[in-house]
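Colleague: I would like to go through this model strand by strand. Can we start as soon as it is on screen?

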Amino acid sequence: LVMLRLNYTVNSNVGGPAAMERRFRFHTGFVTITIAIILVVAVPLTFSTQKMGRETALLSARNIFAEVSRGVSGDINHFFNTVGDMMETVVNAPSIAAGNPGAELSDPRVNFMVSILKKYTNLSSLYIGYGNGDFLQIISLDNVPKMRAAYKATPQTSIITRLIRSSQHGREQTWIHYDKSGAVVARIVQPEVDFDPRTRPWYQEAMRAKNLVFTAPYMFSSSKTPGVTSAISLQSGTAVLGADITLDNIAAILGEYSVSPNSTIFLVDKLRHIVAHPKIATAVEKEENGNFVLSFLDAAQSSDPLLHAVPAFLDALLANNAVAISVDVAGNEYLAMTLDMGINIPSRLYVAIVAHVDDFTGYLKRVLEQSLLFTVLVVILGGGLALYLSGRMSQSLTQVSQDAQRVEHFDFSDGPAYDSH
């Protein structure tokens with residue numbers, strides 16, 4: 001009504017440009033109001049819906065993070081617990097406690113340890129370090145094929161026995177390679193060996209604790225691969241039983257989980273070392289005091305942008321343990337979370353999960369684009385309909401204006417009939 005009051009002022013020039021101006025201004029006002037109503041209702045509703053959808057998606061993502069982290073932590077803890085239970089049982093076996101170890105499969109001790117490795121395929125080797133410095137190790141290349149190169153083993157080699165003991169010629173090391181049938185593939189004798197199990201952390205920690213221990217992740221001396229050792233001292237206190245767990249086994253567990261198509265799950269310690277990763281090698285060679293040694297990948301030195309950014313947000317993650325938070329990686333928003341593994345080892349390990357926010361909210365952007373496109377279509381169709389209706393309405397209103405002007409000039413003749421449809 002306000003619009004009609006403003007735009008339909010009686011004009012003496014009934015059929016001229018003023019009438020056309022009135023029609024044009026009515027069309028414009030009607031269409032403008034119609035489009036404004038559509039925009040005022042549709043646009044805020046669209047963005048409000050998108051915001052609520054994003055909050056819901058992120059809440060769901062955080063729940064997924066928590067569920068997956070618990071699953072990963074549970075599987076890895078079960079993995080370590082299984083090894084620990086085995087060690088506490090095997091250490092009491094009579095053949096393990098017997099003295100004077102041999103390196104041949106015919107030795108009951110060796111045969112028993114080989115059977116353990118065949119049953120527990122997550123172990124790379126099983127060994128005994130003696131108080132007199134002797135050392136017996138059984139290595140299963142079937143369990144960890146990638147170590148063949150480190151031991152210069154043939155494709156036929158299945159089991160390697162390694163025996164270090166003192167003789168009249170000094171300390172000797174004997175390697176015997178066996179194929180699956182138990183036939184000897186190679187025999188190597190090395191005199192003057194420097195390796196002494198009594199100096200190794202796993203031996204010293206087990207002797208000191210008098211019960212089962214797990215070492216911090218380190219590089220195995222013989223295979224040069226990263227892993228963790230489980231060790232327990234014999235009841236006699238004269239030797240220590242050890243089992244090597246390569247971190248490839250842990251990486252395989254990590255690779256079984258995912259929170260989104262582009263997520264990354266890895267193990268990290270407080271020193272920002274990437275301890276295990278399902279796709280990236282975590283053992284790197286670096287120079288120290290003129291010697292090349294293997295160590296764990298420093299996240300800051302990684303060429304992967306995501307791992308490279310770990311030092312920047314790790315403290316925040318550790319402070320919010322088991323809670324997914326938003327972090328910035330090269331200008332992109334990610335969700336990240338850490339969970340303390342709770343494994344009884346000297347170095348605390350954390351499961352870290354990182355995923356791009358778009359993995360969870362990307363579909364909302366597509367929905368927003370579709371909603372805005374729909375709004376544009378509604379504006380076009382609504383504007384067209386408003387233009388048509390205003391045209392129909394303006395014809396009758398213009399005729400009323402013309403009749404009013406005739407009456408004003410005392411012209412009471414009949415005018416054209418009104419079309420109210």
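Colleague: How many bridges join β1 to β2?

Modeller: This is a predicted model, where local features need pLDDT of at least 70, side-chain atom pairs count only at pLDDT 80 or more, and totals for chains, interfaces and linings use all residues. Residues are numbered from 1 along each chain as its sequence is written, and side-chain values use heavy atoms, with hydrogens and water left out. Strands are DSSP runs of E, at least two residues, and helices are runs of H or I, at least four residues, numbered from the N terminus. Two strands pair if DSSP finds at least two bridges between them; β1 and β2 run antiparallel, and the bridges joining them number 5.

Colleague: Which residue in the turn of the β1 and β2 hairpin has a positive phi?

Modeller: The hairpin leaves 4 residues between its strands. A positive phi of about 100° falls in that turn, at Gly-133.

Colleague: In β9, which residue is the bridge partner of Ile-128?

Modeller: β1 also runs antiparallel to β9, joined by 6 bridges. Within β9, Ile-128 has as its bridge partner Leu-241.

Colleague: How many residues of β1 are buried?

Modeller: Buried means under 20% relative accessible area, exposed over 50%, partly exposed in between (1.4 Å probe, protein chains only). In a regular strand the side chains alternate between the two faces of the sheet. Here Ser-125, Tyr-127 and Gly-129 are buried on one side, and Leu-126, Ile-128 and Tyr-130 on the other. β1 is largely enclosed by the rest of the structure because its buried residues number 6 of the 6.
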